[in-house]
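Subject: Handing over a predicted structure, with notes

Dear colleague,

Please find below the structure that I would like to pass on to you.

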Amino acid sequence: MKKGIAMMLTVVMCVVMMTACGSDSKYVGEWQMVSGSSNGTEVPMEQLEKLMGGKLTMTLESDGTAKISTGSKTGESKWEENDEGIIIYEGDNKSNSVTYKFQDNQLVCNVSGVEMKMEKQ
């Protein structure tokens, strides 16, 4: 009886340790837009912030949720990691998604000739 309980506790401890170690992605945390361009032409940050209504920040949580804010506007989405970086999508609708590639320690998104670069804070 005591051996069975000891074995069960050992298994539970191993499972807890394995899920705690290395479970966070390098993407988890707060990211902030640091530059942007349109069709290859760099757009000054002041102009980008004015167009967006404030600084663009994105907080990626380990549970797969993403909080995205610009100025006083905040929204929530979901995210997941892939081979090149991350994908952000609304609800369970993965067809409506944006892909960010991880390049030079930045998340880079390019949609219709508009490129945004974000750095982890």
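Helices (H or I, at least four residues) and strands (E, at least two) are taken here as DSSP runs, numbered from the N terminus.

Residues are numbered from 1 along each chain as its sequence is written, and side-chain values use heavy atoms, with hydrogens and water left out.

**Overall picture and confidence**

The protein chain contains 2 helices and 9 strands, and from the N terminus on its elements follow the order α-β-β-α-β-β-β-β-β-β-β. The predictor's confidence in each residue is given as pLDDT, from 0 to 100; its mean over the protein chain is 82, and 81% of the residues reach 70 or more. Among the contacts in the protein chain with a separation of 6 or more, 40% join residues 24 or more positions apart. Of the 121 residues in the protein chain, 30% are buried, where buried means under 20% relative accessible area, exposed means over 50%, and partly exposed lies in between (1.4 Å probe, protein chains only).

Most residues other than glycine have a negative phi, which is the background for the next two entries. Asp104 has a phi near 50°, a positive value in a residue other than glycine, and Asp104 counts as exposed because its relative accessible area is 74%. Asn39, in the loop between β1 (29-38) and β2 (41-43), also has a positive phi, near 50°, and with 66% relative accessibility Asn39 is likewise classed as exposed.

**Around Gly53 and Thr70**

Gly53 sits in the loop between α2 (45-52) and β3 (56-60), and Thr70 belongs to strand β4 (residues 65-70). Although 17 residues separate Gly53 from Thr70 in sequence, their C-alpha atoms are 6.0 Å apart in space. Leaving out residues up to four places away in sequence, Gly53 touches Thr70 and Gly71, whereas Thr70 is in contact with Met52, Gly53, Gly54, Lys55 and Leu56. A polar atom of the Thr70 side chain lies 3.4 Å from the backbone oxygen of Met52. Thr70 has a relative accessibility of 17% and therefore counts as buried.

Lys26, in the loop between α1 (2-20) and β1, is partly exposed at 49%, and it touches Trp31, Phe102 and Lys120 when residues up to four places away are set aside. Asp83, which lies in the loop between β5 (73-81) and β6, is exposed at 86% relative accessibility, and its C-alpha atom is 8.9 Å from that of Lys101, 18 residues away along the chain.

**The largest pocket**

Grid points are joined across faces, edges and corners, and a volume is the space filled by probe spheres set on the points. On these terms the largest pocket holds about 270 Å³ of space. It is lined by 14 residues, of which Ile68, Ile88, Val98, Tyr100 and Met116 are the closest to its centre. At least two lining residues come from each of β3, β6 (85-90), β7 and β9 (114-120), and β7 gives the most, with 4. By class, the lining has 10 nonpolar, 3 polar and 1 charged residues, where Ala, Val, Leu, Ile, Met, Phe, Trp, Tyr, Cys and Pro count as nonpolar, Asp, Glu, Lys and Arg as charged, and the others, Gly among them, as polar.

With best regards

Key: This is a predicted model: local features need pLDDT of at least 70, side-chain atom pairs count only at pLDDT 80 or more; totals for chains, interfaces and linings use all residues. Contact means heavy atoms within 4.5 Å. A polar contact is a pair of N or O atoms within 3.5 Å; within protein, one must be able to donate a hydrogen and the other to accept it, and residues adjacent in sequence count only if both atoms are side-chain atoms. On a 1 Å grid over the protein atoms alone, a cavity is a set of points where a 1.4 Å probe fits but cannot get out, and a pocket is an open set with protein on both sides within 12 Å along at least five of seven lines; lining residues have an atom within 4 Å of a point.
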